[in-house]
Amino acid sequence: MPAPTPATPEAAESNPFVQMQRRFDRAAELLELDRGLYRILSTPAQELTLSVPVKMDDGRIRVFEGFRVQHSIARGPAKGGIRYAPDVHLDEVRALAAWMTWKCAVVDVPFGGGKGGVVCDPRRLSHSELERLTRRYTAGLLDLIGPERDVPAPDMNTNDQTMAWIMDTYSVHRRATNTAIVTGKPVGLGGSQGRTEATGLGVAFMVREALAHRGFPDHGARIVVQGSGNVGGWAARFLQEMGHKVVAISDIDTAIHDENGLDVPAVLEWIGAHRTLRGYPGAEVIDNDELLTLPCDVLVPAATENQITSQNAARIQASIIVEGANGPTTAAADQVLEERGVFVVPDILANAGGVTVSYFEWVQDRMGFFWEKDDVFRREERVMVDSFRSIVDAMDRYQASPRIAAYCVAVERVAYCLQLRGIYA
Ligand code: NAD
């Protein structure tokens, strides 16, 4: 499966796999990567497309399309979330799987990269339909996943309940409870303390480090957050606790703004109660696109891919971007931002706190011994700060942007393992 060749530049810019590949190509060039290793890492190691039949509550049968892609298992079992979305597609899952390979290598956890997706609109499915969908999808993956093979986790529109269903389905088939098959489980079922908050907390650590690196004071920054789900919501909460002002936040259909700083816990409480930001009384409603170009010190895109593109990059006013989401910035936008001196903490570093604590969860499950939340957060902080510093060093070494420097570090680590393992022929 070589990289797709979309027909137009616009189609290429909106194809996440093409966008991932452009950054990988640049890193491979700087590293003078061996052509054979380049070919291996340009191609997903394994991918499965499956039909997932589900009996709906009204008795009808619907068939959903599902995917699981393992980009690389060179450094360890494939690791990566499962996304439920109406528009999820194979190239997106391929890109997300590759980003997991690079991300695990950036924070140096012993995993490869994988990702899964099911084409569905979870808002239109009942709880029991979601359960049947999840269990049947898991049954279809039984030959692919396993604690030492491929370990799923939550992503957009999946959560700890989804992971509990996957863990149970897998365990029923294996005739033994096996908690290390997924991460992001409920704490009572072998989940880790702090996993829910981990990605947002890691994003907040990266905002803190980027502000210090660029000479800003350690409090009082004006921050805009796109997305108020697991990543955006927790990042906003931690950033406010650190003394910054979250001046705008959004969800898929509403964006709100308050120059004096929003009351983040109140906003999140509203979303928890109403399942939408719409109607929140304490702030001005703005256009969702306008949110990205508001004047601010730090922009945290924490929603989805392709939000900062060649169309709006020149209008971004933030000095620092910390990518909570995977793939929020296109390669064309990277160039514009770099020319304008915007410091971008790339997704494969910025949101790696999630997989770092997923690794801690997998370790705890395999030990059968569980850590306290403070311990989890302290270890996460050390990994994230050390990784930030290693990327800043790599920027000097490769004379590259933070993103390309992060890709260089990651590709070098994965290539090293591939070389050591050799090619089995
Ligand atoms: P989520 O479903 O909890 O929240 C997503 C948020 O983004 C919601 O507020 C939603 O309304 C909003 N949103 C969705 N589509 C949008 C669009 N087109 N425009 C504007 N807003 C939109 O998901 P999440 O777990 O917070 O994940 C968000 C991003 O972070 C994804 O890119 C995901 O891959 C990435 N990520 C998540 C984790 C994790 O641990 N959850 C870890 C690493 C990376």
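**Loops and cores up close**

Guide: Let's start at Asp108, which sits in the loop between α4 (90-106) and β4 (113-119). Helices (H or I, at least four residues) and strands (E, at least two) are DSSP runs, numbered from the N terminus. This is a predicted model, where local features need pLDDT of at least 70 and side-chain atom pairs count only at pLDDT 80 or more, while totals for chains, interfaces and linings use all residues. Residues are numbered from 1 along each chain as its sequence is written, and side-chain values use heavy atoms, with hydrogens and water left out.

Visitor: What makes Asp108 count as partly exposed?

Guide: Buried means under 20% relative accessible area, exposed over 50%, and partly exposed in between (1.4 Å probe, protein chains only). Asp108 comes out at 47%, so it counts as partly exposed. Its phi is near 60°, a positive value in a residue other than glycine.

Visitor: And how do you know that Gln399 is exposed?

Guide: Its relative accessible area is 67%, over the 50% cut-off, so exposed it is. Gln399 is in the loop between α14 (373-398) and α15, with phi near 50°.

Visitor: Why is a set of residues called a nonpolar core?

Guide: Because it consists of buried Ala, Val, Leu, Ile, Met, Phe, Trp, Tyr and Cys residues joined through side-chain atoms within 4.5 Å. The largest one here has 90 residues, and Phe24 and Trp102 are among those touching the most other members. Helix α15 (residues 402-421) gives the most, 11 residues. A second, separate core has 23 residues, including Phe64 and Tyr137.
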